[in-house]
Amino acid sequence: MKTKSHFAFFDEGSKKEIRRSILKAIAIPGYQVPFASREMPIARGWGTGGLQITLSIIGKNDVLKVIDQGADESVNAVSIKKLVQSTTGVELVERTQEASIIQSRHRIPEVPLTPEQILVLQVPEPEPLRRVEKSAYKTKILHSENDYSGAWLMLFEQIMKYGRTATGADHPVYVNNRYVMAPSPIPRYDNPKMHQSEALILLGAGREKKIYAIPPYTDVESLAFDDYPFAVETFTGKSCHLCGAEDVFLDELVDPATNETIYQCNDTSYCIERLNKKEEVEVETSHA
Amino acid sequence: MHEEPLLKVRNLQKQFGDGCSRCKERQNLEKNYCPNCGTVYACHDISFDLFAGEILGIVGESGSGKSTMMQCLYFDAEVTSGAAYIDGGPGSAEQNVFELSSQQKRYIRNHQYGMVYQNPVHGLKMNFSSVGNIAEKLIAAGKRNVSEMEETSKSLLQNVHIPLFRMKEEPRNFSGGMQQRVQIAKALSNNPPILFLDEVTTGLDLSVQANVLDLIKKIQRELGISMIVVSHDLAVIRMLADRTIVMLNGSIIEEGLTDQILEDPQHAYTQQLVYSLL
């Protein structure tokens, strides 16, 4: 006997519960809303939080893009895409501009997002204070009392040890001047993209059972001391070895043939689009 | 001359358990424990004043409610009933601080209180650097400038005789006496008008004890900070405190000038306490 599976994998009750948590998260920007994280056909820690959000907000007319650290074609992104498509039949794209829902692991696309789009981020550790306070009970109190000295203390320690803030990713942010939030392990380069973002940003942590959100046009400010201002990663003088882009987040690679350090766009769809455009121009000019 | 106290405590009550009909009037108690319902009356009807710049000693045997009272004042524990008034707090001087919201209590802790626990584990983050530990309190008090905080921390650490080349080390690498001194430096970092010291020298060897006591005395003289010093060690009280309160079974049984209490104790328990001094 073959039973007909539900649209978007979940039963309606599950979707309703997750949607309700999402609505609460949007109503209180940056606040971690607990939700009943479901058992998923992928392992916890592989994007179950993001996947559950995507599955509960997706409709038949949505267009989905899934990225894994900037790449559209990595295993994780592909298997999530396949699961969503086989249970919903939605269209899959790689071009950021064409997607209505973008699920991402650890990157925000280079192309600015629009009010029609929703960005879903996968979160391994939603609690920005976890490294200073192990107890979830206590961190909840700290959030409620607006006591974020722990988050500042971590940055202070980094400055003492390394002479600068050394957050490789997941640099904590103030949302709407109230809650300190873990922006998921995006590079600092992407933090400013959250500020006054036109697109709705939803963050889901499946293992930690938390959903939180940044509604459109919300103030998002990265934590920084007066004399150590927040700085994004810089790539001055470096450019993508494929498309030549300079003002993007670059990956550092080693050319296996020459052993030289080369740089490449981290956002693969952005890179491919630039390459295609170049080719078009080339065709038009030299073969017209 | 009439002087207004900095901290007024009135009828502070702390009990663990609901009490029963047999112990409601504090009758039929074994010490401060009701054998019928198991309720412990840790602090009963505690009232006292703390004036600006003075050191108030609190002595009593173990289990007499000294530390519980301290925890209540520092908001580590909820009081059952009673009131405390702080001059210059976030509310008016007539505002009972126990009734403030938890945010306001936190404000008082961060801006007006300093606390040195008996066990440095409670007052310090053992896996953060010493300078970071001091900065934590400054950050909590709203400071956001790294170099200023570093300077403040350095001068504080120097004051408590921690060599500066060890300032970036974690307190867990330090000896007990050094940890205690880091804790004192942290408690002093935001110049609190009121400092609580809970058995600070207990467990330290004699030379280190003398060192820490000297330091406390010096701080009080130079900065004029009011302190409440809890100790079961009469020698410590004799050296530090201007006035002393004696507690037994959760109640104050005697209070007065330290010399008076030590030289001419009135209550039978205080007499026993003073004469059992080695």
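Colleague: Which domains does the assignment give for chain A?
Modeller: Domain 1 (12-222) and domain 2 (234-288); the bounds come from an automatic or database domain assignment. This is a predicted model: local features need pLDDT of at least 70, side-chain atom pairs count only at pLDDT 80 or more, and totals for chains, interfaces and linings use all residues. Residues are numbered from 1 along each chain as its sequence is written, and chains are lettered from A and ligands numbered from 1 in the order in which they are written.

Colleague: How far apart are the C-alpha centres of domain 1 and domain 2 of chain A?
Modeller: 28 Å.

Colleague: And how many residues of each are in contact?
Modeller: 13 residues of domain 1 of chain A are in contact with 8 residues of domain 2 of chain A, where contact puts the C-beta atoms, placed from the backbone, within 7 Å. The domain 1 side of chain A divides into 5 nonpolar, 2 polar and 6 charged residues. Here Ala, Val, Leu, Ile, Met, Phe, Trp, Tyr, Cys and Pro count as nonpolar, Asp, Glu, Lys and Arg as charged, and the others, Gly among them, as polar.

Colleague: Switching to the core. How many residues has the largest nonpolar one?
Modeller: 132 residues, with Ile201(A) and Val229(B) having the most contacts inside it. A nonpolar core is a set of buried Ala, Val, Leu, Ile, Met, Phe, Trp, Tyr and Cys residues joined through C-beta atoms within 7 Å; buried takes 20 or more other C-beta atoms within 10 Å of the residue's own, C-beta atoms being placed from the backbone.

Colleague: Which helix of chain A gives the most to this core?
Modeller: Helix H5 (residues 149-162) of chain A, with 8 residues. Helices (H or I, at least four residues) and strands (E, at least two) are DSSP runs, numbered from the N terminus.

Colleague: What does Ile201(A) touch?
Modeller: Leu119(A), Leu121(A), Met194(A), Ala213(A) and Ile214(A), not counting residues up to four places away in sequence.

Colleague: Last topic, the sheet in chain B. What is the strand order?
Modeller: S5-S6-S7-S3-S8-S9, an open sheet of 6 strands with mixed pairing; strands pair if DSSP finds at least two bridges between them. The edge strands are S5 (113-116) and S9 (251-257) of chain B.

Colleague: In which sense do S5(B) and S6(B) pair?
Modeller: Parallel, over 4 bridges. Leu195(B) in S6(B) is the bridge partner of Gly114(B).

Key: Two residues are in contact if their C-beta atoms, placed from the backbone, lie within 7 Å. A residue is buried if 20 or more other C-beta atoms lie within 10 Å of its own, exposed if 12 or fewer, and partly exposed in between; C-beta atoms are placed from the backbone.
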